[in-house]
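Please look over the sequence and the model shown here before reading on. The report is meant for someone meeting this structure for the first time.

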Amino acid sequence: MIELLRKRRSIRKFTDEPVSAEAVETLIEAALRAPASRSLNPWQFVVVDDPELLRQLAAAKQHGSEFVARAPLAIVVCADSTKSDVWIEDCSIAAILIQCTALSLGLGSCWAQIRERNHNAQSSAEQHVQALLGLPDTVKVECILGIGHPAEQPRPLPAEKLQREKVRRNRWS
């Protein structure tokens, strides 16, 4: 696991090669194995491989989601907000597990934050995605993960660049 974390970087450029059905099933399994508070499992996942739908998802927010249009696959991580008061945390855990699983399969991925972001002056990114995918109002959107075969190889973050000053032992001071 630490080796995956050492080489994991956000990938925003993908080749045209589709993600295999077997890889998609493995990603879905990883998502469904994600831990959730009190085992309530509020998360829901919408797997998208339709190019036109990917293009429309890429326009969900004003900046930072355009890479989804170039991904052969996206997983929209959302949750039934009526099932748990910590659905945001549960979705976040599931999303990073999907990303680490993607990396373990030789795929790249990037997270497009949707919750609390604007689509335009009149509507939120979440409202855009809800309308686009036909989600009920109670199903809230945390993020969109763009996934595919990497067309870029960013260098891993060197160990000496880790922000060790953010770690304290036993007490704050």
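## Overall fold

This is a predicted model, and its secondary structure comes to five helices and four strands. Followed along the sequence, these elements come in the pattern α-α-β-α-β-α-β-α-β. The radius of gyration is 17 Å, close to the 16 Å that the globule rule gives for 173 residues, so the protein is as compact as a globular protein of that length.

Along its principal axes, the C-alpha trace spans about 45 × 40 × 35 Å. Of the 173 residues, 40% count as buried, while the protein exposes about 10300 Å², of which carbon and sulfur atoms supply 49%. Among contacts between residues at least 6 apart in sequence, 79% join residues that are at least 24 apart.

## The largest pocket

The largest pocket holds about 260 Å³ of space. Its lining includes Ile2, Leu5, Arg6, Arg8 and Arg9, and it also includes Leu157, Pro158, Ala159, Leu162 and Arg164. By residue class, the lining divides into six nonpolar and four charged residues, with no polar ones.

## A buried residue in a loop

Isoleucine 11 lies in the loop between α1 (2–7) and α2 (21–32). Is isoleucine 11 buried or exposed? With a relative accessibility of 6%, isoleucine 11 counts as buried, because the cut-off for that class is under 20%.

Leaving aside residues up to four places away in sequence, isoleucine 11 touches Gly108, Ser109, Cys110, Pro150, Glu152 and Pro154. For one of these, cysteine 110, the C-alpha atom is separated from that of isoleucine 11 by 5.4 Å, although the two residues are 99 residues apart along the chain.

Most residues other than glycine have a negative phi. Glutamate 116 has its place in the loop between β3 (108–113) and α5 (125–133), and at 63% relative accessibility it counts as exposed.

Asparagine 170 likewise has a positive phi of about 70° without being a glycine, and it is found in the segment after β4 (139–148). With a relative accessible area of 84%, asparagine 170 is exposed, because the cut-off for that class is over 50%.

Notes
Residues are numbered from 1 along each chain as its sequence is written. This is a predicted model: local features need pLDDT of at least 70, side-chain atom pairs count only at pLDDT 80 or more; totals for chains, interfaces and linings use all residues. Side-chain values use heavy atoms; hydrogens and water are left out. On a 1 Å grid over the protein atoms alone, a cavity is a set of points where a 1.4 Å probe fits but cannot get out, and a pocket is an open set with protein on both sides within 12 Å along at least five of seven lines; lining residues have an atom within 4 Å of a point. Grid points are joined across faces, edges and corners, and a volume is the space filled by probe spheres set on the points. Ala, Val, Leu, Ile, Met, Phe, Trp, Tyr, Cys and Pro count as nonpolar, Asp, Glu, Lys and Arg as charged, and the others, Gly among them, as polar. Helices (H or I, at least four residues) and strands (E, at least two) are DSSP runs, numbered from the N terminus. The radius of gyration is taken over C-alpha atoms; the globule rule is 2.2 Å times the number of residues to the power 0.38. Buried means under 20% relative accessible area, exposed over 50%, partly exposed in between (1.4 Å probe, protein chains only). Contact means heavy atoms within 4.5 Å. Accessible areas come from the Shrake-Rupley method with a 1.4 Å probe; for residues, only the protein chains shown count as cover.
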